[in-house]
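Let's take a walk through a protein model together, starting with its ligand and ending with its sheets. Keep the 3D view open as you read.

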Amino acid sequence: MVRALTTSAQVTATDLLRDAFRERFDGQPQVFARAPGRVNLIGEHTDYNQGFVLPMAIDRACTIAARSNESNHITIRSLASDEEQTFSLCDLKPEPKGLFSDYVRGVVAGFCERGVSVTGFDAVVDSDIPLGSGLSSSAALEVATATLLEELTEHRVSPMDKALLCQKAEHQFVGVPCGLMDQYASVFGRTDQLMLLDCRDNECRYVSMADPSVALLVINSNVRHQLAESEYAVRKSQCESASSKLGLQSLRDAGLESLNHPDLDDLEVKRVRHIFTENQRTQSAAGETEHQAWGTVGELMYASHASLRDDYQVSCAELDAIVEICQCIGTDGGIHGARMTGGGFGGCAIALVEVARLKELCRRIAAEYRIRTEIESSLFCVRPGTGAEIIPAS
Ligand code: GLA
């Protein structure tokens, strides 16, 4: 479906890409595709345990400009990382090579696997989602590629299949055994709506978040610890081992009684407790958001962070510092709640803040973070935005 160009950010993104494309490949791109990043309000590390998540697509995106080149090569230039890579359509073995084009290769392979005939293309890609910072820059690249391929090949995949295809690309070509949340949010996002996604049956309930008096502030810690990817896979296998000891299909089915199971070791008890309590918090947060009960949503966010820090152990000193700063400022100072968002070990935290206090809060959080860590943070607000789309070329 082609939607109208809506924001000035998009106009700038397409202009920039058109110029860059012309400079590198001569002539005009044929198609522009855009897919957003996401912020997860709450429900962290629950998706691969068939649990609940409450993300939104954000008004920051990855945009690709492309044109068929009638060859069997795909050349893709990234403006964000100032790199260019080329791969052959004969080289679609599911093997992570550690290149940004792995995401593109994985999605191309997914189309080929569905019997779609893909021919070569030249592309320039740019993104205003900070890379590798917990806002799903990877899923956005995958979903933008899939959206582009739908247009170039004139073969539509269903939105759900598109999300699943992109998730598989990440598993097989990037080597990260992620859940479905990021790709789902990037495909299904809607303006002013969060998505309460049940990762057991992938059913989603949209939850309105249109109150103009509150905003979600993203605070990028600007650190990313090495552990991020390896520990993700470790957490996933710890959860699988715990659920098999409990005789459950997944930790989604764990209850309070599971915590006393004699076969679980101390670490597994912590992991199970996080998943159990986080699923409860996430469902409550959806209801409280509908009632605009921001104080309660904020409390749930703080509790989620504490659980990720202490039981799931995926936070880090910098993210903890941001959340502590927010907690000290408190409701009286204009902050309802805060937590890390995404996989953890660095990247971004989010805070639910009073719009009226926004400017002063940004200054204060950045200053206190600088004092505590000697690191400059980056802060910006996000709004729930639309999912992936083709942007008209002219
Ligand atoms: C990453 C993964 C998601 C999800 C989050 C943690 O973003 O891609 O599937 O597991 O971490 O909630």
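A polar contact here is a pair of N or O atoms within 3.5 Å; within protein, one must be able to donate a hydrogen and the other to accept it, and residues adjacent in sequence count only if both atoms are side-chain atoms. The model is predicted, so local features need pLDDT of at least 70 and side-chain atom pairs count only at pLDDT 80 or more, while totals for chains, interfaces and linings use all residues. Residues are numbered from 1 along each chain as its sequence is written, and side-chain values use heavy atoms, with hydrogens and water left out.

**The ligand**

| Side chain | Distance to a ligand oxygen atom |
|---|---|
| Arg38 | 3.1 Å |
| Glu44 | 2.6 Å |
| Tyr232 | 2.6 Å |

The protein covers 92% of the 310 Å² of accessible area that the ligand has on its own (by the Shrake-Rupley method with a 1.4 Å probe; for residues, only the protein chains shown count as cover). The residues around the ligand, each with a heavy atom within 4 Å of it, include His45, Asp47, Tyr48, Cys178 and Asp182.

**The sheet of six strands**

Helices (H or I, at least four residues) and strands (E, at least two) are DSSP runs, numbered from the N terminus. Two strands pair if DSSP finds at least two bridges between them. An open sheet with mixed pairing is formed by 6 strands, in the order S5-S4-S6-S3-S1-S13. Strand S5 (83-88) and strand S13 (389-391) are its edge strands, each pairing on one side only. From one strand to the next, the twist averages 25°; axes are lines fitted to C-alpha atoms, for helices over the stretch in contact, and angles run from 0 to 180 degrees between N-to-C directions.

Strands S1 (residues 31-40) and S3 (residues 55-68) run antiparallel and are joined by 9 bridges. In this pair, Val31 stands opposite Ala66 in S3. Helix H3 (residues 137-153) packs on this sheet and touches S1, S3, strand S6 (121-127) and S13, where contact means heavy atoms within 4.5 Å. The direction of H3 makes about 150° with that of S1.

**The sheet of three strands**

Here 3 strands form an open antiparallel sheet in the order S2-S7-S8. Why is one side of strand S2 (52-53) and of strand S8 (203-208) left without a neighbour in the sheet? Both stand at the edges, so each has a single partner strand. Between S2 and strand S7 (residues 193-198) there are 2 bridges, and Val53 stands opposite Leu197 in S7. Helix H5 lies across S2, S7 and S8, running at about 135° to S7.
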